[in-house]
Amino acid sequence: MLSFFRRKKPQSPAESAKPGSAEEHYSVEELAAAFPHPEADTARIEPVIEPAPATPAAELEPIPAEVIAAALDVEPVAPAATSPVVATETAPASAGKTGWRERLRGSTFARSFSGLFSRHPRLDDDLLDEIETALITADVGVTATSQLVESLRARMKAREFADAGALLSALRSELLAMLRPVAQPLHIDTDAKPFVLLTVGVNGVGKTTTIGKLAKRFKDEERPLMLAAGDTFRAAAVAQLQAWGDRNGVPVVAQGQNADAASVAFDALQAAKARGTQVLIADTAGRLHTQQGLMAELGKIKRVLQKLDPTAPHEVLMVIDGTTGQNALSQLRQFHAAVGVTGLVVTKLDGTAKGGVVFALAREFGIPIRYAGIGERPEDLRVFDADAFVDALLPESLGA
Ligand SMILES: Nc1nc2c(ncn2[C@@H]2O[C@H](COP(=O)(O)OP(=O)(O)OP(=O)(O)O)[C@@H](O)[C@H]2O)c(=O)[nH]1
Ligand SMILES: [Mg+2]
């Protein structure tokens, strides 16, 4: 692990804005032990463009495994003992055995539709009204829902459907047609040296967890990889990323809490270039899309990366919490304006997510959806599959 620390700047408002963040924090003593700080003052440092000389990792106290484990709420694990760039053995990836349908069963979308066709087996306006209500409840959005239902109504009046099952098939096809164009997997351009992936999103959506899952995926694909701990607002965020790095034998460039995020990104890109790393993934602090200063900081990270590589970042991956609902649209609008989002990950689709927001995002923005998070384990980050997704929410068998 490459790790070095800088002076403190005042606490970010993003931290206090984060619901439930208090429980995730360490005591002052734990933080002091985890992140020994050379200076005690709290003056804000000016943005650092040129990287400062790094303190050799050997001079730093390692973060105790218990502290890292506490950040992740898991059993402590022994960190990788080898040099960062040397590939270490990773546990064999257990295949994601649980299917999309099983994981998305609890979604509002799936629950609203299960039973709908058996309650309304007749092909009539009541059935269409029920479908409209189910789509709205599942957060597909008013405009997309109206379009879908009116199209079905016109086709029903034209006697295109023999029965309710045929109407269900038509609805499935229309939903698929909305998603297929955005189901574009992430392509790692190996000519980019390295391919820089910048993750962004509001607080708690699953950015760091997604990075950990991607680290495992890319490591399994034998891609030389490096992580940048660009969430410098919380010490626990650095520890969380370092834990994922340690687990997967992936080096993490960090400067500790309150360092300048753009400086971390710059240092990491320099280190990645020097080591011939293929992929660099940069974490960033969660921020509300309405916090203009913090949104502008993302633009700065991007500009600083471009000083070293004008084509970086090669992917701005926005992570969206699938339980968010229609607010996800304004989040994406703001992040896209600030930093140019090129791909999406929709997480937490396994829980109580409504599911429909994926259609609203696809319809409104047409930005590629790269991955879906359908659980907390590394193998639960799935390449977004439009067919599997629609099939899970609205199985063909419902109309039988
Ligand atoms: N069920 C489920 N939980 C997830 C998924 N992805 C992330 N989580 C959980 O969401 C919580 C927040 O994840 P983080 O990765 O810390 O989120 P973050 O966006 O980095 O948060 P900040 O850095 O605080 O903004 C953790 O408890 C994760 O385990 C998912 O696909 N499904
Ligand atoms: Mg995070």
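Reader: Hi! Of the contacts between residues at least 6 apart in sequence, what share joins residues at least 24 apart?

Author: Hello! That share is 80% for this chain. Keep in mind that this is a predicted model.

Reader: Okay, what is the mean pLDDT, then?

Author: The chain has a mean pLDDT of 80, and 75% of its residues reach 70 or more. Over residues 1–97, though, the pLDDT is below 50. That stretch has 135 contacts in the model beyond near neighbours in sequence. Where pLDDT is low, the predicted coordinates should not be read in detail.

Reader: Good to know! How many helices and strands are there?

Author: There are 17 helices and 9 strands in the chain. As for burial, 47% of the 400 residues are buried.

Reader: Let's pick a helix pair. Where are α13 and α14?

Author: Helix α13 covers residues 261–275 and helix α14 covers residues 292–308. Their axes come within 9 Å and cross at roughly 25°.

Reader: And why are they called roughly parallel?

Author: Angles under 35 degrees count as roughly parallel, and α13 and α14 are therefore roughly parallel to each other.

Reader: Is the crossing left-handed or right-handed?

Author: The crossing of α13 and α14 is right-handed.

Reader: Which residues make the contact?

Author: From α13, they include Ala261, Ala265, Phe266 and Leu269. Among those from α14 are Lys300, Ile301, Val304 and Leu308.

Reader: Nice! How many of the contact residues are nonpolar, polar or charged?

Author: The contact of α13 with α14 has 9 nonpolar residues, 1 polar and 3 charged.

Definitions and conventions: Residues numbered from 1 in each chain as written. Chains lettered and ligands numbered in written order. Predicted model: local features only at pLDDT ≥ 70, side-chain atom pairs only at ≥ 80, totals over all residues. pLDDT = per-residue confidence, 0-100. Contact = placed C-beta atoms within 7 Å. Axes fitted to C-alpha atoms, helices over the stretch in contact; angles between N-to-C directions. Helix = DSSP H or I, 4+ residues; strand = E, 2+ residues; numbered from the N terminus. Parallel < 35°, antiparallel > 145°, perpendicular 65-115°, else oblique. Left-handed = near helix turned anticlockwise from the far one by under 90°. Nonpolar A, V, L, I, M, F, W, Y, C, P; charged D, E, K, R; others polar. Buried ≥ 20, exposed ≤ 12 C-beta atoms within 10 Å, placed from the backbone.
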